[in-house]
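Here's a quick briefing to read alongside the model. Have the viewer open as you go.

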Amino acid sequence: MTFLPIFLAAFGGAVIGAIVAFLYFRRGYLKRMEEAQGTYESIIEEAKKEAQRIKKNAEIKAKEHWLNERRAFEKETQRMRKELEKERRRQQERETQLEKRMESLQRRERELLQKERSLREAEDRLAKQEKRLQELIDEESRKLESIAKMTREQAKAELLKKVEKIASLEAAQLAHRIREQVKEKAMKEAKEIIATAIQRCSASHTAETTITVVPIPSDEMKGRIIGREGRNIRAFEALTGVEVIIDDTPEAVTLSAFDPIRREIGRLALERLIQDGRIHPARIEEVVNKVKEEFEDYVKTIGENTILDLGLSGMHPELLHLIGKMKFRTSYGQNLLQHSIEVAHLAGLMAGELGLNIEMAKRAGILHDIGKVVDQTYEGPHALVGAQIAKRYGENDLVVNAIAAHHEEEEPKTPIAILVAAADAISGARPGARRETLEAYIKRITKLEEIAHSYTGVQKAYAIQAGREIRIMVEANKVSDIEAEELARDIARRIESELEYPGQIKITVIRETRVVEYAR
């Protein structure tokens, strides 16, 4: 019973504390509500102001946009009006010109009608005169028959016989004169065309093609290329098939190989190793293999660049690859790609001079030796092989024929085929184009002079212009002019049958008669 008052007092205190706490928190809550209400109203007010400002800016931008659109519309309208006015003036000018042309045509029509009437009148007069002339001719013919005691047919036959004899002689003389004039003119024009083409096409002389010099940054690099006990250089030579020559030449290393492709792969690989700086057998093998993989793309790029330089397009990728491979082939020391480019330029220049298709001439020129770079699976002369390949990859029949006919394995069907053959001969026969040993050169010169001296009446013979011409002096009392012509032909045929040479050899026979007299 003693705990009841204490419990009631504690309970009453708790109730009073709860009421006080409730009233305290209610007051704080009401205060926060008032603050939130004030904040809400201020946010609403600011939002209204911001909305009015945005609205005002939007109205201003809309007005500016409308003004800009209006100005652009007015400007476009003004431009269109000017164009319409200009077009109207052009139409008026055209109408004026048409009216003038119509007047001119009507005037010419009147003139033609007048001329037609005049011609009909002249034809009538001529018909009357012809009739009168025929009557006079018939009358004179009857008189002549009575005087000559020959009929008209007999006189006509006799006259025709004499006229035919005279005409035959004159025709033979005229034909001979025309042939000589045509031959002289054709030779002159051909020389001018070829000379013009050669003058406009510059090309390099033949050069040594079995070595390649690779520059190095310093002579210290030579030791790194050789490697410890020569292991680097041995690995490089084994992987590339190229001999590396390291001598006293400053800042240079020489690569030697008869295969130009191997030599080029060796050059690219060595340059890459020098640039990288890491030179050891494993790295050498890695670089050489990578260069070999990239070499096919490099070859195709050479072909593409060559075609672009010539101004051609639309060529099959396989042909581009073969053109690129020509850079690494030689013929008598002459680079095959440079030779083909030169032939393409010469053929194109001569085709331009003659008014022929320049593009077809260039295509045939760059592809004419394509058969020299294919593998052993193809058999036959390189001209026919090249024509077969060009036809397979979609080249024009004109180009195919020019390739096949440039060494006379096939009959040329177009002038372009003849031009390509001529350009090939010019490129291969020009001085410095191809390499020839001294022994072979002396042998050919000596043989030319021996052939000339073997004929009766030859006094002296000289091979000049590096064997491109031979001049022969004959004794005037033993060889006549006609015999001199026959002698030149005989020597030419014998040279063709006994000697092998690029281009052509000119045979000049000189017969001189001197008469000396003294006056005392």
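This is a predicted model: local features need pLDDT of at least 70, side-chain atom pairs count only at pLDDT 80 or more; totals for chains, interfaces and linings use all residues.

Residues are numbered from 1 along each chain as its sequence is written, and side-chain values use heavy atoms, with hydrogens and water left out.

**Overall**
- The protein chain has 14 helices and eight strands, taken as DSSP runs numbered from the N terminus (helices are H or I, at least four residues; strands are E, at least two).
- Of its 520 residues, 28% count as buried (buried is under 20% relative accessible area, exposed over 50%, partly exposed in between, with a 1.4 Å probe and protein chains only).
- Take contacts between residues at least 6 apart in sequence: 60% of them join residues at least 24 apart (contact means heavy atoms within 4.5 Å).

**Helix 6 and helix 8**
- The axes of helix 6 (residues 281–310) and helix 8 (residues 336–354) come within 11 Å and cross at roughly 20 degrees (axes are lines fitted to C-alpha atoms over the stretch in contact, and angles run from 0 to 180 degrees between N-to-C directions).
- Helix 6 and helix 8 are therefore roughly parallel to each other (angles under 35 degrees count as such).
- On the helix 6 side, Ile302, Thr306 and Leu310 make the contact; on the helix 8 side, Leu337, Ile341, Ala344 and His345 do.

**Cores**
- The largest nonpolar core has 69 residues, and Ile225, Phe236, Leu270, Ile323, Ile366 and Leu367 touch the most other members (a nonpolar core is a set of buried Ala, Val, Leu, Ile, Met, Phe, Trp, Tyr and Cys residues joined through side-chain atoms within 4.5 Å).
- Beyond its neighbours within four places in sequence, isoleucine 366 is in contact with Thr306, Leu310, Leu312, Ile323, Met326, Ser340, Ile341 and Ala344.
- Apart from that core lies another, of 19 residues, including Ile445 and Val479.

**Helix 10**
- Buried residues in helix 10 (residues 382–392) include Ala383, Val385 and Ile389.
- The buried residues of helix 10 pack against helix 7 (317–325) and helix 11 (397–405).

**Positive phi**
- Glutamate 229 has a positive phi of about 55 degrees although it is not a glycine; glutamate 229 sits in the loop between helix 3 (220–226) and helix 4 (231–240).
- At 72% relative accessibility, glutamate 229 counts as exposed.

Terms used: Angles under 35 degrees count as roughly parallel, over 145 as roughly antiparallel, 65 to 115 as roughly perpendicular and the rest as oblique.
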